[in-house]
Amino acid sequence: MALIKKLKWVLSGLLVVTACSKSSESIEKDILSTFSIADGFKLELVALEPLISDPVAMEIDELGDVYVVEMHGYPLNVEGSGVVKKLFDDDKDGRFDRSEVFADQLILPTGIMRWKQGILVTDPPDLLYLEDADGDGRADKREKLLTGFARSNPQHNFNTPIYGLDNWVYLANEGTYESQFFGDVFGDEGDEIQFVEHPNAQRLPKNANDLNVKVDLRNTRLELLSGDSQYGHTFSAWGHHFGNFNWSHIYHEVMAAPYIGRNQHLELPDAMRYVPDYGIGFELYPITQNPEHQLLTDVGAITSACGITWYLGDLFPKPYQDVMFVAEPTHNLVHADIMYHKGATFTSQKLFEQQEFLASTDGWFRPVSFYIGPDGSMYMLDFYRKIIEHPEWMSEEVLNSGELYEGMDQGRIYRIVPKHSHSNLPPGRHTQTQSPAQSLAGVSSKELIQYLGHPNIWWRRHAQRLLVDQDDPDAVSDLISYIESAPNLGVLHAHWTLEGLGHFDPELIMKALDHQTAGVRENAIRIAEINRNEFPELESKLVAMVDDPDSKVKFQILCTLGYFDSKDAADARRKLIFNDLEDPWVQLAGLSASSVNALGLFREAIGRFSDQQSEGAASLFRNLSKTIGKSGNLKEFSRVISLIAEKSGKRNSWWQSQTLLGLSETVDGSMGAISNRSETVLAGYFSATADPELRSSSLALLHALGSIQNNSKLTAMAKQVVVDPNKDTEFRADALKVLAWSDADQNATVFQSMLDGSENPILRQQAIKSMQLTSGSAAGEYLIEHWKTLTPEERDLAVNVFNTSPQRQLEFLNAVETNQIQASTIGWRRTVRLLNSRDDQVREMARRVLEGNESISDSVWQQYQQVLTLEGDAINGADEFQRSCSSCHQISGENGINFGPDLSAVRNRNKSGIMIDILKPNRSISDGYDLWTVEDKSGQVHSGIVVSENVNTLRLRNAAGEEVMIQQQDVVSRFASELSGMPEGLHHQISLQQMADLLEYLKN
């Protein structure tokens, strides 16, 4: 493999530091001085190199022994350099003093969990059990429990075993990544997931269908979950499951896999919900002084989220019981969200505005995971590397630099605690009054039960696991007695412990179903569902609970009732769906029932909601029609079309359009030919008098059925409508769709004609969308030639045209390289796809054209390189900003004129990148800040950026911050300048020191 051969391997051994000119106290002080942490907290350094290096996961067992997983092989070595170490705090001062290798010869270990007398380690493709059977401190017992997981790119492998409330072990798992450069190392796509020692036991599909997995190791059972997660996953105190991905940091697995699989006709796009209410790609607030960013880093936005952890300890202040922490190693920080209930699921908001919970100025700080310890503190594992991105997504320059493994001999573990906490708590021990024992070693079953209600998850989880593992028959009666007076969390864990011990008591669970705490009721339903064959009273009890005041309890009732086919169960499900109409997850849960009558619900929905337009009602009609459409039942399809035809009138168009849209998303030509009557009804909505949404959705359905291509009458009418300026704009846009769907190549000149004149923006945008369906290079050539005349919205659509084939992508990249198109038009996500294209030519050219190499060679740039070595003064820099920048820019909406981009986010970039944009403003114009020249009918010429645009008006903002409104009908010509609104030549009026001061101000 050519690229690997270029690397200089440095894995022959770990560097051990034997001497240092500084004292350990001084070193610790220097390290901690790089951090900023939220008020009320402090950071304690409990381990660092040479004691540990490359830490990715840890576990503290019931004995107080501390295990740490070290992944030395990242990013490319698969020769068995991975290690599990045990750490020791011999002098009990709260810092680890010594480490010993517990297990080695691991490939790319990704997680750890205590199990029986040893540990579980995820080391793709295997789940391993490691135990020190002879007491010498090293694992001499090594068993493969499961195998078959893909060993793909290390950032995507299965990881993080967690002992769940239900006594199963949960494993995070993500889809395999098809390596472009390192296929001989990371080309494995996995196999069937199977028990190694039990070949006849249950198996899962290849790499578990790229989904999370749970495994019952005691009874050799496996189950797929309904979602996946990249690195890390976590649970709420009541068992709600959350995952994360690099670019989207909190997902809730709302619907469990068994419910989704019951109704094969249920159209469920995703069982997981992105939780934050502030969207994906939000701004981060790093404080890194010299960041190390690679090709695919979305600078200043979340791009490497991992280690998701809901804080369930008992040491942080009470508000933190609802806080989710996520590591962001690329930007050297820890982000935090506060979680809120939202119906069947959750939402979240940033815990802090314009700052992070924790951040470091050190660009090598790489937090990757967290662990809640027995003392209630949160341990943070710092991989500590110069480069964290994988070589798959690096430039050749970095790949060949020899820096891939810089820092592999280093690593840190920190402990996050409130400021008032003792700083000398021995790791692995607890001093809170609720926990008189220092560990759970030798604790009897009766004593273990008392820890099931402990306020810290570490004690609850270990106590439950030990009770189930010990399988003490006397524990059952003690657990039943304990439930009578236990705290709420104790009741929760006690019931699941009884389930793990194989004891189901209908009378006891009936009491739990009436418990005052919603979380107990919700979990009691889950336990009852597992044992529903032994609990005939369950159905009637759930039917009686449909008016429960808690949304998540009602959601669980709905999910569980889906297993029952009686009329009472169906009526209860219908009531829950209709009463909680605005919660989309409630609708999906109701439709997941194995015996759902979607057509009957559709009829009833017409009678109940046709006059009550709302987002929830629209969603209901769409979900019902998707279910009917996916069934492929032509008779039911025809009946739905008939019901629509029977209800004419504008007041019905909203639900009719949603119904047709839902059908269009699930049906295709394989359903068979629809009746002439149905086709006539649908085609009849292509008229000037039809509701625009109804007309559009009917055409979408005809297109999905393959009925437009052969409908010459519809096509002929569309050609007449498109060229008729007296027709409604949206009607003409729909006619463009018809022409594109019937024969895009034959109608290519029609699409171009919509762009040649000063046509309506709606028509122009639809014309560009239609071009996506054409073949050949003509559309791309046309768009490049007319790029100057395209608005920002139109350019965004035009980029999609180029992304329809590798040939067009190369055409587009060539236009970027020759400065016919600005690279900033592409956007980060589409840039990532180009940089990582499976087409060799596209990928190679994209990395050459789009990598953003900052080594400008002209004399001005070489002169100003000195700035990067100067110490800047932020106060003087503020004055320089007012003098040189405020005439066009603001910072956080203040201190300047709102013409160019707000510069509050530039602090996320390094000083070199900021200085390039100052010295070379035309190098990359920010998206949406193109300088436009517009001439109106009076001959007046306006210049500025486009603030907004609609069918009737165009609003420009000039360099003075003044806005002008121009009627679209008065526009004679418009074109975008190739030059930025910011002039070149600033170096003539700003000295090297002034530039250093300005950069310091912008960064801080």
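Trainee: Which residues line the second largest cavity?

Mentor: Happy to start there. In this predicted model, the second largest cavity is lined by Tyr163, Gly164, Leu165, Phe235, Ser236, Ala237, Gly239, Leu312, Ile457, Arg461, Gln464 and His493. About 100 Å³ of space lies inside this cavity.

Trainee: What makes a residue part of that lining?

Mentor: A lining residue has an atom within 4 Å of a point of the cavity. The residues I listed, from Tyr163 to His493, line the second largest cavity, so each of them meets that cut-off.

Trainee: Which element gives the most to the lining of the second largest cavity?

Mentor: Helix H7 does, with three residues. By type, the lining divides into six nonpolar, five polar and one charged.

Trainee: Which elements supply at least two residues each of the lining of the largest cavity?

Mentor: Among them are strand S3 (55-60), strand S11 (159-163), strand S26 (367-372) and helix H7 (457-470). The largest share, five residues, comes from H7. The lining residues divide into 18 nonpolar, ten polar and four charged.

Trainee: Now to side chains. How do you know that aspartate 571 and lysine 567 form a salt bridge?

Mentor: Set the distance against the cut-off: a side-chain nitrogen of Lys or Arg has to lie within 4 Å of a carboxyl oxygen of Asp or Glu. For aspartate 571 and lysine 567 the N to O distance is 2.7 Å, so the pair counts as a salt bridge. The two residues are four apart in helix H14 (residues 567-579), which means about one helical turn separates them.

Trainee: What makes lysine 737 and aspartate 734 buried?

Mentor: Buried means under 20%. Lysine 737 is at 19% and therefore counts as buried, and aspartate 734, at 5%, counts as buried too. Their closest N and O atoms are 3.3 Å apart, which is within 4 Å, so they form a salt bridge. In helix H23 (residues 729-743) they are three residues apart, separated by about one helical turn.

Trainee: Which salt bridge links distant parts of the chain?

Mentor: One is between arginine 651 and aspartate 611, at 2.5 Å from N to O. Arginine 651 is in the loop between helix H18 (634-646) and helix H19 (653-664), and aspartate 611 is in the loop between helix H16 (598-609) and helix H17 (615-631), 40 residues apart. Arginine 651 has 54% relative accessibility and aspartate 611 has 59%. Each value is over 50%, so both residues count as exposed.

Terms used
Residues numbered from 1 in each chain as written. Predicted model: local features only at pLDDT ≥ 70, side-chain atom pairs only at ≥ 80, totals over all residues. Heavy atoms only, no water. Nonpolar A, V, L, I, M, F, W, Y, C, P; charged D, E, K, R; others polar. 1 Å grid on protein atoms, 1.4 Å probe; cavity = no way out; pocket = protein on both sides within 12 Å on 5 of 7 lines; lining within 4 Å. Points joined across faces, edges and corners; volume = space filled by probe spheres on them. Buried < 20%, exposed > 50% of the residue type's maximum accessible area, 1.4 Å probe, protein only.
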